[in-house]
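I opened my notebook for a friendly walk through this structure. These entries keep to what I looked up, one stop after another.

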Amino acid sequence: SCVHTENCFVPTSEIIAVEETEFNKKQRNIGKWQKMAKPHAFTVYYVKKSRNHRWRCSDVTFWCVDEHLCNQWIQALKESLEMQKSRPKHLLVYINPYGGKRQGKRIYEQKVAPLFSLASISADVVITEHANHAKDNLFEVNINKYDGVVCVGGDGTFSEVMHGLIGRMQKDSGIDQNNPKAPLVQCNIRIGIIPAGSTDCICYSTVGISDPVTSALHIIVGDCQPLDVSSVHHNNTFLKYSVSLLGYGFYGDILKDSEKKRWMGPIRYDYSGFKTFLSHHYYEGTISFQPAKHTLGSPRDKDSCRAGCYICKESERQLEEQHKECGLKREEDEDEWKVIKGKFLAINAVNMSCACPRSPRGLSPAAHLADGSADLILVRKCSRFDFLRYLVRHTNQDDQFDFSFVDVYRVKRFQFTSKLSEDNESNVTDIGKKRFGQFCRDHPACCCHIANSTWNCDGETLDNSAIEVRVHCQLMKLFARGIEENCKDEAADSQSSIEQLL
């Protein structure tokens with residue numbers, strides 16, 4: 001099941017294609033092949049792994065005199081590739097021509113399409129023309145003829161494709177997305193992300209690098225990474241799905257401010273971040289949540305989510321066991337809810353680490369991609385200096401939860417209501433009234449100049465501050481494998497392979 005190339009072994013699962021090689025006179029003059037009457041050859045294209053999780057397409061050519069032997073090898077290798085059943089043959093591709101640096105179309109045509117062609121993958125390409133084009137289109141197409149959906153763009157393009165695909169699956173199954181208690185149907189059609197946006201957080205957190213060629217190769221070899229998805233509701237109305245960050249307070253304010261400054265380009269996030277930090281607004285409210293008792297890990301352990309993660313697999317199994325034993329009824333049990341009232345600078349719920357080049361470990365370094373839980377991070381009112389200390393820890397190796405004003409919990413459901421929405425809304429459900437009660441009014445009126453923040457849901461603002469969130473375990477799948485352990489550089493790989501040969 002391996003091809004031996006000069007000094008490395010390549011598993012069949014990482015071979016991209018095998019092709020017969022035609023020779024010209026120039027090639028036949030190479031050294032020892034000069035004496036051959038008519039050499040026969042085939043070329044193997046394979047995945048070459050280098051540092052920082054980067055993959056490249058490399059190739060090696062095998063030569064021999066015997067035409068029959070050469071054809072036997074080609075046939076055997078092609079049959080071996082045919083047995084890789086997880087590989088896609090027909091893809092639906094959405095390209096956002098406006099996202100990021102407006103390079104989506106060029107990136108796909110120059111870097112990705114040739115690789116798909118080499119691997120004999122056919123693709124139907126749709127260039128999106130307006131917001132929600134991909135989402136609306138996914139409700140109309142014959143989805144069953146595709147082995148996957150690929151989005152070329154940033155996190156916004158991915159979010160649109162994800163909403164279209166999950167929404168389509170629920171519609172076809174007759175499930176009402178507006179019901180926050182509805183068990184959702186899993187999406188078995190994988191999504192591939194070719195990064196071409198201004199932010200590629202989801203790609204970075206599931207592949208380890210934002211690189212179009214690497215992502216294209218993960219799609220070609222048919223990788224599969226399940227992903228938890230959180231549904232967000234307000235008053236029995238569906239708002240959005242989230243796979244990375246739900247942020248209220250600091251990250252919500254940054255997004256709201258930066259939306260007004262799109263003309264500045266990507267630097268607007270730095271400007272808005274600095275401005276938001278200086279304004280130092282805190283928000284009063286109540287958060288209530290159900291702890292995720294089925295998960296093996298905790299937010300403060302050192303177990304990062306890696307390819308083939310045992311915590312995700314075991315947590316999924318435990319969750320299934322719980323559902324078999326108690327059904328979904330026990331989940332709604334009031335006794336399991338923990339309630340926290342307070343004044344918060346930031347409330348963040350993350351389904352993944354949210355790592356990016358600036359914050360290589362992310363907002364929650366031990367968050368898992370597919371364990372059926374989210375990490376809920378509460379940053380209470382503190383001084384500007386303390387808050388800065390907390391923010392700086394996202395860029396280094398220190399424990400960013402080791403502060404008296406920061407609490408972190410692993411949860412499967414949570415609800416939030418701000419003080420303002422609770423005081424003003426007469427239509428808060430009975431369960432909400434019973435759970436949240438009344439707030440203390442011990443603060444001077446001058447503190448209330450800004451009573452509500454905005455929720456940042458994967459880079460998009462939500463209209464409502466009072467929300468109900470539920471984590472759906474492994475609701476969708478990506479063409480990825482998670483971040484691989486100890487991805488060494490080429491030289492080290494070559495060295496170890498030579499040692500094996502000796």
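Below are my notes on a predicted model, stop by stop.

**Surface charge.** I began with the acidic residues. E20, E22, D66 and E67 come together on the surface as a patch of negative charge. I then followed E67, which belongs to helix 2, residues 67-82. Its relative accessible area is 45%, so I noted E67 as partly exposed.

**Positive phi values.** Next I went to the backbone angles. H53 is not a glycine, yet its phi is positive, near 65 degrees. I found H53 in the loop that links strand 4 (40-49) with strand 5 (55-64). Is H53 buried or exposed? Its relative accessibility is 17%, and buried means under 20%, so H53 counts as buried.

N235 is another entry under this heading: it has a positive phi of about 50 degrees and is not a glycine either. Its place is the loop between strand 10 (225-234) and strand 11 (237-242). With a relative accessible area of 35%, N235 is partly exposed.

**Strand 15.** My last stop was strand 15, residues 374-380. Which strands does it pair with? On one count, I read six bridges to strand 14 (residues 338-350), in the antiparallel sense. There, A349 has L376 of strand 15 as its bridge partner. Strand 16 (residues 406-418) also runs antiparallel to strand 15, joined by six bridges, and L378 stands opposite D407 of strand 16. Why do I call strand 15 largely enclosed by the rest of the structure? I do because six of its seven residues are buried.

How values were computed
Residues are numbered from 1 along each chain as its sequence is written. This is a predicted model: local features need pLDDT of at least 70, side-chain atom pairs count only at pLDDT 80 or more; totals for chains, interfaces and linings use all residues. Side-chain values use heavy atoms; hydrogens and water are left out. Patches are made of residues with over 30% relative accessible area and no salt bridge: like charges are joined within 9 Å, nonpolar side chains (Val, Leu, Ile, Met, Phe, Trp, Tyr) within 5 Å. Accessible areas come from the Shrake-Rupley method with a 1.4 Å probe; for residues, only the protein chains shown count as cover. A salt bridge is a side-chain nitrogen of Lys or Arg within 4 Å of a carboxyl oxygen of Asp or Glu. Lys and Arg count as positive and Asp and Glu as negative; His and the chain ends are not counted. The place of a charge is taken as NZ of Lys, CZ of Arg, CG of Asp or CD of Glu. Helices (H or I, at least four residues) and strands (E, at least two) are DSSP runs, numbered from the N terminus. Buried means under 20% relative accessible area, exposed over 50%, partly exposed in between (1.4 Å probe, protein chains only). Two strands pair if DSSP finds at least two bridges between them.
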